[in-house]
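Here are my notes on this model. Please read them with the structure open.

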Amino acid sequence: SSDPRESFCRDAGVNWNSCCSNFANVKQLATLIVNALGDSPVDKSFSVVQFASDARIVSGLSSASQALSTIDQLTYSGGLDNHGSAIQMCQQTLSRSPNENRIIMIVT
């Protein structure tokens, strides 16, 4: 019988350990980075863009706590790594930022 968690990963032929555990590690890394940046004494906001074959803005510019909540709720979607669409979505959210220092971090 197959592992029922494999269907959660949404990638045919990819086992749960290689996709979902890696995705959990990516979420943990993103959480650590937002926490570290959130503690800095400068004005900042965060947005969350999720991407695979397609990219979508999950959370527009918001506080660190809102970004952390959004990251925690992300689920693995499967698909390819469409970095171009991810960057475009990030640029859309950053264009609304009044801050001159804008950073895009892509984690795959």
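1. Helices (H or I, at least four residues) and strands (E, at least two) are DSSP runs, numbered from the N terminus. On that basis the protein chain has 4 helices and 2 strands. From the N terminus, their order is α-α-β-β-α-α.

2. This is a predicted model: local features need pLDDT of at least 70, side-chain atom pairs count only at pLDDT 80 or more, and totals for chains, interfaces and linings use all residues. Residues are numbered from 1 along each chain as its sequence is written, and side-chain values use heavy atoms, without hydrogens and water.

3. Of the 108 residues in the protein chain, 28% are buried. Buried means under 20% relative accessible area, exposed over 50%, partly exposed in between (1.4 Å probe, protein chains only).

4. The largest nonpolar core has 10 residues, including Phe23, Val34, Phe46 and Ile71. Helix H2 (16-38), strand E1 (46-51) and helix H3 (64-73) each supply at least two residues of this core. Such a core is a set of buried Ala, Val, Leu, Ile, Met, Phe, Trp, Tyr and Cys residues joined through side-chain atoms within 4.5 Å.

5. What does valine 34 touch, leaving out residues up to four places away in sequence? Its partners are Phe46, Ala64, Ala67, Leu68 and Ile71. Contact means heavy atoms within 4.5 Å. Among contacts in the protein chain between residues at least 6 apart in sequence, 58% join residues at least 24 apart.

6. Now isoleucine 87. This residue sits in helix H4 (residues 83-94). Isoleucine 87 counts as partly exposed because its relative accessibility is 34%.
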